Amino acid sequence: WEQVDFCLEYPQPRFSSKLAPPYDGPFPDVPVLMLNGDIDLQTPLESAQRATTNWPNSVFLTIEDATHVTLTTSECALGTALSFLQNPVLPDEQACDSEAAPT
């Protein structure tokens, strides 16, 4: 709870209001890779999965035994994200399902 109001005092961006993101849609039809840890306490899995309804061209990967920051706990998540950034082709939804849990 200590970070709930963290962004409230952040300076407003200085760009045209025409460039503001659409907070209530419609959202652009672009490929979106979503990663969420199955033990994420900040964004529960069910809430994160609901975000896919706003992005029809998206893939949602559940990272096993990962918390909110999946890229630091999963080599598969990190590799998949880097690959997507280099070439924005969406991976299979089960891309990280077989990854062994970190020891």
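I began with the secondary structure, which comes to two helices and two strands; helices (H or I, at least four residues) and strands (E, at least two) are DSSP runs, numbered from the N terminus. This is a predicted model, where local features need pLDDT of at least 70 and side-chain atom pairs count only at pLDDT 80 or more, while totals for chains, interfaces and linings use all residues. Residues are numbered from 1 along each chain as its sequence is written, and side-chain values use heavy atoms, with hydrogens and water left out.

**Entry 1: the whole chain**

Reading along the sequence, I get the pattern β-α-β-α. I looked up burial next: of the 103 residues of the chain, 22% count as buried. For that word I use under 20% relative accessible area, with exposed meaning over 50% and partly exposed in between (1.4 Å probe, protein chains only). I also checked contacts, meaning heavy atoms within 4.5 Å. Among those between residues at least 6 apart in sequence, 69% join residues at least 24 apart.

**Entry 2: helix α2**

Helix α2 covers residues 75–86, twelve residues in total. From first C-alpha to last I find 16 Å, close to the 16 Å expected at 1.5 Å a residue; the expected span is 1.5 Å times one less than the number of residues. Which residues of α2 are buried? They are Cys76, Ala77, Thr80, Ala81 and Phe84. Seen down the axis of α2, the buried residues fall within an arc of 125 degrees, so they line one face of the helix. That arc is taken from the directions from the helix axis to the C-beta atoms.

What do the buried residues of α2 pack against? I find β1 and β2 (58–63) there. The face turned away from the buried side carries Glu75, Leu85 and Gln86, which are exposed.

**Entry 3: Asp40**

I turned to Asp40, in the loop between β1 (32–37) and α1 (45–50). Asp40 is buried yet has no salt bridge, a term for a side-chain nitrogen of Lys or Arg within 4 Å of a carboxyl oxygen of Asp or Glu. The nearest side chain of opposite charge, Arg50, is 12 Å away; in this scheme Lys and Arg count as positive and Asp and Glu as negative, while His and the chain ends are not counted. What does the side chain of Asp40 have at 3.0 Å from one of its polar atoms? The backbone nitrogen of Thr43 lies there. Setting aside residues up to four places away in sequence, Asp40 touches Ala66, Thr67 and His68.

**Entry 4: the two strands**

In strand β1 I picked Asn36, which is buried with a relative accessible area of 4%. The Asn36 side chain reaches the backbone oxygen of Thr43 at 3.5 Å. Neighbours within four places aside, the contacts of Asn36 include Thr43, Pro44, Phe60, Leu61 and Thr70.

In strand β2 I picked Leu61, buried at 1% relative accessibility. Leu61 and Glu93 are 32 residues apart in sequence, yet their C-alpha atoms are 5.8 Å apart in space. Among the residues that Leu61 touches, beyond four places in sequence, are Leu33, Asn36, Thr80, Pro91 and Cys96.

**Entry 5: the loop between β2 and α2**

I stopped at Asp65, in the loop between β2 and α2. Asp65 has a positive phi of about 60 degrees although it is not a glycine. For background, most residues other than glycine have a negative phi. Asp65 is partly exposed, with a relative accessible area of 36%.

Val69 also has its place in the loop between β2 and α2 and is partly exposed at 46%.

**Entry 6: before β1**

Last, I looked at the segment before β1, where Phe27 has its place. Phe27 counts as partly exposed at 23%, and 6.6 Å separates its C-alpha from that of Asn54, 27 residues apart along the chain. Pro26 lies in the segment before β1 too. Is Pro26 buried or exposed? Pro26 is exposed, with a relative accessible area of 74%.

Conventions:
A polar contact is a pair of N or O atoms within 3.5 Å; within protein, one must be able to donate a hydrogen and the other to accept it, and residues adjacent in sequence count only if both atoms are side-chain atoms.
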